[in-house]
Structure formats: C-alpha cells, structure tokens
Amino acid sequence: MSSVIQTALDHWELRIPIEEVTERPRSHYAGGSAILYLEPSTPSDVAEALRRRGYQIAQAESIGTASAFRCVEGLPRSSIQFGVGRDPRIRGLMMFEFGSN
C-alpha cells in the first residue's frame with residue numbers, strides 16, 4: 001500500500017506528471033522498525049542524506065507497484081486530455097485521479 005500512497009503523493013503534492021511518477025524509486029518505512037527500505041534505483045545522494053538524518057537504510061529489490069490513470073475532466077470526458085503512467089516493474093494496483101488541473 002505504501003507504493004500507491006507514495007505514487008499518489010508524488011503526483012499530487014510534488015506535481016510530477018502522471019506519465020513519469022510511476023517510474024520513480026520508492027521507499028518504505030514500517031512502523032516499529034528502525035529500517036527505511038529503499039529500491040536500488042534510489043540516487044546515492046538521497047540515501048546518504050537519509051543516513052545523515054539518522055535512518056538505518058536497507059535495500060529492497062522492489063517496493064510494490066502502482067500504475068496510474070488520470071482523466072483531467074473525469075469520466076466520461078468531453079476531451080482527450082488524459083494521462084497514463086505504467087509502472088515498469090510490471091503489474092500492480094492502479095490509481096485513478098478524477099478532477100481538474
């Protein structure tokens with residue numbers, strides 16, 4: 001579930017286009033654990049910054065998958081203004097964004 005939440009927040013809060021957000025490396029911090037899991041494609045400067053903040057880092061091959069579909073005007077739509085982000089990790093949950101720009 002953290003992969004879907006991170007994908008949604010990266011799109012909505014950081015304004016990363018839906019077509020790009022599904023390809024970003026993910027992280028997962030399980031409550032009660034002192035370990036922050038990062039995917040191998042996480043930039044080394046990001047991992048180092050997290051270590052400096054006190055996180056114990058461990059690598060996880062993959063942290064879930066999430067594809068995304070965005071239709072700016074909702075469904076049914078009156079225009080062809082939509083976007084799809086396919087997760088290159090293969091399959092996963094799909095999130096749908098309904099609403100305006």
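This is a predicted model: local features need pLDDT of at least 70, side-chain atom pairs count only at pLDDT 80 or more; totals for chains, interfaces and linings use all residues.
Visitor: Which residues of helix 3 are buried, and which are exposed?

Guide: An α-helix has 3.6 residues a turn, so residues three or four places apart point the same way. Buried means under 20% relative accessible area, exposed means over 50%, and partly exposed lies in between (1.4 Å probe, protein chains only). In helix 3, Ala 47, Ala 49 and Leu 50 are buried. Viewed down the helix axis, these buried residues fall within an arc of 160 degrees, so they line one face of helix 3; the arc is taken from the directions from the axis to the C-beta atoms. Ser 44, Asp 45 and Arg 52 are exposed on the other side of the helix.

Visitor: Against what do the buried residues of helix 3 pack?

Guide: Contact means heavy atoms within 4.5 Å. The buried residues of helix 3 pack against strand 2 and strand 3.

Visitor: In which sense do strand 2 and strand 3 pair?

Guide: Two strands pair if DSSP finds at least two bridges between them. Strand 2 (residues 35–38) and strand 3 (residues 56–59) pair in the parallel sense over four bridges, and Tyr 37 stands opposite Ala 58 in strand 3. From strand 2 the chain passes through helix 3 (residues 44–52) to strand 3 in a right-handed β-α-β crossover. Right-handed denotes a clockwise path from the first strand over the helix to the second, with the strands pointing away from the viewer.

Visitor: How many aromatic pairs does the structure hold?

Guide: Rings of Phe, Tyr and Trp (its six-membered ring) pair if their centres lie within 6.5 Å; planes under 30 degrees apart count as stacked, over 60 as edge-to-face and the rest as tilted. The structure holds one such pair. The ring centres of Tyr 29 and Tyr 55 are 6.1 Å apart and the planes stand at 85 degrees, so the pair is edge-to-face.

Note on methods
Residues are numbered from 1 along each chain as its sequence is written. Side-chain values use heavy atoms; hydrogens and water are left out. Helices (H or I, at least four residues) and strands (E, at least two) are DSSP runs, numbered from the N terminus.
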